[in-house]
Amino acid sequence: DRTVDFSTFRNYFRCNKKYVPVCGSNGDTYQNECFLRRAACKKQRAISIVSEGACYHGNTHPLTSST
């Protein structure tokens, strides 16, 4: 569990565009860990990485639609 402490980061990050998705404790998928940290700073709250890869909601896969 990697909790991001927003108080140690500035409000602006220069994140690379590499797509290495992570799932945040708020249920949102971020492009990479840097984007998660930036969101935590902007929202002034801690967001931890709950899993590597995109968040899953129910039985749906983030890249496919159910039929």
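A salt bridge is taken here as a side-chain nitrogen of Lys or Arg within 4 Å of a carboxyl oxygen of Asp or Glu. By that criterion, a search of the whole structure, which is a predicted model, finds 2 salt bridges.

**Salt bridges**

One of the two bridges pairs D28 with K43, whose closest N and O atoms are 3.9 Å apart, a value that falls within the 4 Å limit. Since D28 sits in the loop between β2 (22-24) and β3 (29-30) while K43 belongs to helix α1, the pair ties together parts that are 15 residues apart in sequence. D28 is partly exposed at 35% relative accessibility, and K43 is likewise partly exposed, at 42%.

The bridge between E33 and R37 has its closest N and O atoms 2.7 Å apart. Both of these residues lie in helix α1, 4 residues apart, which is about one turn of the helix. E33 counts as partly exposed with a relative accessibility of 22%, and R37 counts as partly exposed with 26%.

**Overall architecture**

The secondary structure of the protein consists of 1 helix and 4 strands, arranged along the sequence in the pattern β-β-β-α-β. Of its 67 residues, 28% count as buried, and the accessible surface comes to about 5,000 Å², with 50% of that area belonging to carbon and sulfur atoms. Among contacts with a separation of 6 or more, 51% are made by residues 24 or more positions apart.

The largest nonpolar core contains 9 residues, namely C15, V22, Y30, F35, L36, A39, A40, I47 and I49. Helix α1 (residues 33-43) supplies the largest share of this core, with 4 residues.

**Disulfides**

The model holds 2 disulfides, and, with bonded cysteines counted along the chain, they follow the pattern 1-3, 2-4. The table sets out their geometry.

| Disulfide | S to S distance | Torsion about the S-S bond | Handedness |
|---|---|---|---|
| C15 to C34 | 2.0 Å | -75° | left-handed |
| C23 to C55 | 2.0 Å | about 110° | right-handed |

C15 counts as buried at 11% relative accessibility, whereas C34 is partly exposed at 22%.

N32, found in the loop between β3 and α1, counts as buried at 7% relative accessibility. The side chain of N32 reaches the backbone oxygen of N16 at 3.0 Å. Leaving aside residues up to four places away in sequence, N32 touches C15, N16, K18, V20 and V22; of these, C15 and V22 are also among the residues of the largest nonpolar core.

H57 is placed in the segment after β4 (48-52) and counts as exposed at 52% relative accessibility. The C-alpha atoms of H57 and D28 are separated by 9.9 Å, although the two residues are 29 residues apart along the chain. D28 is, in turn, the partner of K43 in the salt bridge described above.

How values were computed
Residues numbered from 1 in each chain as written. Predicted model: local features only at pLDDT ≥ 70, side-chain atom pairs only at ≥ 80, totals over all residues. Heavy atoms only, no water. Core = buried A, V, L, I, M, F, W, Y, C linked by side-chain atoms within 4.5 Å. Buried < 20%, exposed > 50% of the residue type's maximum accessible area, 1.4 Å probe, protein only. Helix = DSSP H or I, 4+ residues; strand = E, 2+ residues; numbered from the N terminus. Contact = heavy atoms within 4.5 Å. Areas by Shrake-Rupley, 256 points an atom, 1.4 Å probe, with all protein chains shown as cover. Polar contact = N/O pair within 3.5 Å; in protein donor to acceptor, adjacent residues only side chain to side chain. Disulfide = S-S within 2.5 Å.
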